[in-house]
Amino acid sequence: MIKASTGSRHHAAAIAGLVAISSPSLPAGAAPDAPPDAPSAPAPGGAEARPGGEETAARDSARWHFDKGLSLYDAGAWDAAYAEFLRSRSLHPTRAATQNAALCLRRLRRYDEELEMLELLLAFPELTAPERAWTERELAAVRGLVGSLVLDVAEPGAAISIDGRARGATPAPAPLRVPAGSRVVRVFKPGFAPAEVRVDVAGGQSVPVRIQLTPLVHSGWIRVEEVAGKVLDVVVDNVVVGKTPWKGLVPPGEHVVFLRGESRGEGRLGTQPAPASVRLNQVTDLKLLAERLSAALRVEPTPASASVVIDGVGVGRGSWDGALRPGVHRVAIAAEGFVPQARDVTLRESAREVLRAALEPVQGPPLWWAQARPFVEAEGYLGVLPGFGGDVAGRCAGSCSAPPGLAFAALGRAGYRLPAGVLLAVEAGYLTARQTIAGRPEAVTPTGLAPNPGTADDTLLLRGALLGVSPGVRLDSPVPLTLALGAGAFLGTLVDRRAGRFTPRSGSPYEAGATEALAAQGLYVAPEVQVRARLGERLELGAGVRAIVVVLPRQPRWAPEERYVLAGSDGQGRFPEARVSGTVLTAFTPGLVALYEF
């Protein structure tokens, strides 16, 4: 267990790296037990202290950064504490600074970097047996949280960035360690289109990643200069591409550029992210003035493919890490299928903030609905209508002739095909049916006289709109059948064109006729079966049979009081009241169908 000796932070002895380890017999002067993730302070008089208490300027500075790191760690500012321990190590490497840097990285969940830091700790030759045992236990635990990427990029010299962190250039000399999870890998080389892939890595897993860079056929240039002539890293679309002054080929479109680096006496320098709009075969000049950026921000979105916008400038997808001015900055994060977030982040002088934003999934339709595929369908049917029934066709007997009529229907359907072949659709169409009845016994009744007997011929014509729904199911095996049931409203008219020959009292026959148009409104039910064959990815053609059953609750009737005819020498007369159709009309119609699925 790692010890933290806070009481010895301000002693005047030279900085040492002795790490006190909990064991049955502690070294002399060891501090009492502390939590395993507490930072360690150098033990006075340790193996790394200078005899006589004399310290060089470098050691004094290293000790100052070390103590500052301890204070920041206690305040929970692990990112800033890590920077101080790292600075202390660069001035004078010690075991304590190395171990505490590893503890900061654990808090920051930067497990791949923690693994490297623990390996550096293990390399100290003066580690005691308990210290070595603790380090090896930590290494074993962290390895389960780290995977690696084996990059295969044909083009040498391409810059590699993983989650916004520069990881060298191709070819990578060894597999690149990354924390387990979803990682965004970017590769950039001037003259090639930038490549970006998202990779899911499990702990302990080594994942091969093949990235093909495509030469730019259409491109423009970005030329970047630092106004004061400072030499800084140029970052384009979250990848370090070179040093100022820099000029390189990039694809036409929108890009984000900023500078970053350090200068003696000025500290961290850089620029805020700046947009660069590049046009085909043109040079976009950016003259950026570096300033001291004493604050830093790291954005870690979930999912890893989310886009990040800082102060209105899009800085790319996935993690972003960079220096910014102190103050309030607006960070917006968005990803398809997730609820976007926008936050104000206040950055303090000499501080580093980490913004972790986990987007909530959009509460959309259930999965079965999300997998639905829309379709439209056109159908045309031509078939037979056995008869209209009623008092006209239904009472045709003897020498009367009433052959089956013809029916035609044209329909359009639109809907969704759900998983398991379920169909939900609405339909609209037009139905027309015609039947001729010849030689039917009929009479004309003159006003105030007996009926004049005779025969009549009727042509019945039904026309109207079909509006309804049409659920169904598609059965793909063994024969691709589609079964559907349409149902809805029928809105139409029924026309009876009647003409006949009648005999009055005088015995001289006369001809009389009339046309009656009657409202025919009701419901319809239309079961159908189809067989379709797929032509291409989206189009299907086939044939089907549909039975259209029209139900007319109020049967159309010939109204004699509204229609008079000339009854020869007997004056005016009327046809008798009669039902022109029955309650139920049924048509059987084979036809052709065409379906297009989006």
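Leu-535 stands opposite Leu-539 of strand S33, at the point where S32 and S33 form a hairpin with three residues between them. This is a predicted model, and the chain averages a pLDDT of 84, with 88% of the residues scoring at least 70.

**Confidence of the prediction**

- Among the elements of the chain, strand S29 (residues 452-469) has the highest mean pLDDT, at 96, whereas helix H6 (residues 367-370) has the lowest, at 63.
- Over residues 1-37 the pLDDT is below 50, although this stretch has 102 contacts in the model beyond near neighbours in sequence.
- The pLDDT is also below 50 over residues 43-54, a stretch that has 25 contacts in the model when near neighbours in sequence are set aside.
- Where pLDDT is low, the predicted coordinates should not be read in detail.

**Strands S31, S32 and S33**

- Strand S31 (residues 481-502) and strand S32 (residues 510-535) run antiparallel and are joined by 22 bridges; within this pairing, Gly-486 has Ala-526 of S32 as its bridge partner.
- S32 also pairs in the antiparallel sense with strand S33 (residues 539-551), here over eleven bridges.
- In the turn of the hairpin formed by S32 and S33, Gly-536 has a positive phi of about 85°.

**The open sheet S4-S1-S8**

- Three strands form this open sheet, in the order S4-S1-S8 and with mixed pairing.
- S4 and strand S8 (206-211) stand at the edges and have a single partner strand each, so one side of each is left without a neighbour in the sheet.
- From one strand to the next, the twist of this sheet averages 35°.
- Strand S1 (residues 146-153) pairs with S4 in the antiparallel sense over four bridges, and Gly-147 stands opposite Val-178 in S4.
- Helix H4 lies across both S1 and S4, and its direction is at about 120° to that of S4.

**The open sheet S22-S19-S25**

- Three strands make up this open sheet too, in the order S22-S19-S25, and the pairing is again mixed.
- Strand S22 (320-324) and S25 are the edge strands, each of them pairing on one side only.
- Neighbouring strands of this sheet are turned against each other by 20° on average, with direction ignored.
- S19 and S25 run parallel and are joined by seven bridges; in this pairing, the bridge partner of Pro-301 is Ala-357 in S25.

**The second largest pocket**

- The second largest pocket has a volume of about 540 Å³.
- Its lining consists of 28 residues, of which Asp-163, Pro-179, Arg-183, Glu-300 and Ser-319 lie nearest the centre of the pocket.
- By residue class, the lining divides into twelve nonpolar, five polar and eleven charged residues.
- The elements that each supply at least two residues of this lining include helix H4 (111-122), strand S4 (176-179), strand S19 (295-302) and strand S25 (352-358).
- Strand S3 (165-169) and strand S5 (181-188) are also among the elements that each contribute at least two lining residues.

**Backbone details**

- Most residues other than glycine have a negative phi, and most peptide bonds are trans.
- The peptide bond from Thr-244 to Pro-245 is cis, with omega near -10°, and Pro-245 is placed in the loop between strand S12 (239-243) and strand S13 (246-250).
- A cis peptide bond also runs from Thr-302 to Pro-303, with omega near 10°; Pro-303 has its place in the loop between S19 and strand S20 (307-310).
- Arg-109, a residue other than glycine, has a positive phi near 60° and lies in the loop between helix H3 (95-107) and H4.

Note on methods:
Residues numbered from 1 in each chain as written. Predicted model: local features only at pLDDT ≥ 70, side-chain atom pairs only at ≥ 80, totals over all residues. Heavy atoms only, no water. pLDDT = per-residue confidence, 0-100. Contact = heavy atoms within 4.5 Å. 1 Å grid on protein atoms, 1.4 Å probe; cavity = no way out; pocket = protein on both sides within 12 Å on 5 of 7 lines; lining within 4 Å. Points joined across faces, edges and corners; volume = space filled by probe spheres on them. Nonpolar A, V, L, I, M, F, W, Y, C, P; charged D, E, K, R; others polar. Pairing = 2+ DSSP bridges. Axes fitted to C-alpha atoms, helices over the stretch in contact; angles between N-to-C directions.
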